[in-house]
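Notes follow, in the order I looked things up.

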Amino acid sequence: MWDIVFEHEDFVVINKPCGVSVHSESERDVCLTASLAQQLGVERVWLVHRLDKATSGLLLLALNKPAKKQGWVKGGMARSRRGTWKLTRDEDNFAVTRFSSQSLKPGLRLFVLQPFTGKTHQLRVAMKSIGSPILGDTLYGGDEAEHLFL
């Protein structure tokens with residue numbers, strides 16, 4: 001059982017103990033998101049951020065995806081950990097992406113992305129920033145699939 005600090009209709013905050021990985025490191029590991037979803041009686045939860053295995057602290061998880069079906073993702077792009085990039089509020093390395101989407105089936109949306117700039121990992125970072133990582137893009141929080149659906 002996870003120690004739930006705060007629960008909202010859109011998100012939940014848990015107290016992650018030291019020694020627990022937010023991602024399964026092997027098939028024997030308990031998957032934090034799957035076990036929390038089961039505890040809450042919901043189909044799925046999504047990590048909003050991560051804490052290292054050796055770190056304890058509050059962890060925010062989303063209980064639903066954004067309802068926004070179209071819009072813009074704008075922001076600076078900065079290097080992050082393990083070869084990833086992140087969106088910032090800075091003007092440095094500014095990236096602009098327009099998106100629209102439509103439902104394919106419950107829990108699965110098709111996004112049409114139009115990059116106005118050409119930054120490294122721009123589309124992957126944009127989709128992660130709106131809470132809809134690309135299917136197969138495990139580097140940026142997407143569900144595992146046979147390939148990256150970019």
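This is a predicted model: local features need pLDDT of at least 70, side-chain atom pairs count only at pLDDT 80 or more; totals for chains, interfaces and linings use all residues.

**Entry 1, the hairpin.** I started with strand S7 (residues 94-105) and strand S8 (residues 108-115), which run antiparallel and are joined by eight bridges. One of the bridges puts Lys-105 across from Leu-108 in S8. The two strands make a hairpin with two residues between them. I checked the turn, and Gly-107 there has a positive phi of about 85°.

**Entry 2, the other partner of S7.** S7 also pairs with strand S5 (residues 70-79), in the antiparallel sense, over seven bridges. I looked up Lys-74, and its bridge partner in S7 is Val-96.

In what order do the strands of the open sheet of four lie? I read it as S1-S2-S4-S3, with antiparallel pairing. Leu-47 stands opposite Leu-61 in S4. Helix H1 packs on this sheet and touches S1, S2, S3 and S4. The direction of H1 makes about 120° with that of S2.

Which residues touch the most other members of the largest nonpolar core? That core has 13 residues, and the answer is Val-12, Ile-14, Leu-32, Leu-36, Val-45, Leu-59 and Leu-61. Strand S2 (11-16), helix H1 (32-40) and strand S4 (57-62) are the elements that give two or more residues to it. H1 gives the most, with four residues. I then listed the contacts of Leu-61 beyond four places in sequence, and they include Phe-11, Val-12, Ile-14, Leu-32, Leu-36, Val-45, Trp-46 and Leu-47. Apart from this core lies another, of seven residues, among them Val-73, Ala-126, Ile-130 and Ile-134.

Is Thr-88 buried or exposed? Its relative accessible area is 18%, and the cut-off for buried is under 20%, so Thr-88 counts as buried. Thr-88 lies in strand S6 (residues 85-88). Leaving aside neighbours within four places in sequence, Thr-88 is in contact with Gly-75, Gly-76, Met-77 and Ala-78. A polar atom of the Thr-88 side chain lies 3.3 Å from the backbone nitrogen of Asp-90.

Definitions and conventions: Residues are numbered from 1 along each chain as its sequence is written. Side-chain values use heavy atoms; hydrogens and water are left out. A nonpolar core is a set of buried Ala, Val, Leu, Ile, Met, Phe, Trp, Tyr and Cys residues joined through side-chain atoms within 4.5 Å. Buried means under 20% relative accessible area, exposed over 50%, partly exposed in between (1.4 Å probe, protein chains only). Contact means heavy atoms within 4.5 Å. A polar contact is a pair of N or O atoms within 3.5 Å; within protein, one must be able to donate a hydrogen and the other to accept it, and residues adjacent in sequence count only if both atoms are side-chain atoms. Two strands pair if DSSP finds at least two bridges between them. Axes are lines fitted to C-alpha atoms, for helices over the stretch in contact, and angles run from 0 to 180 degrees between N-to-C directions.
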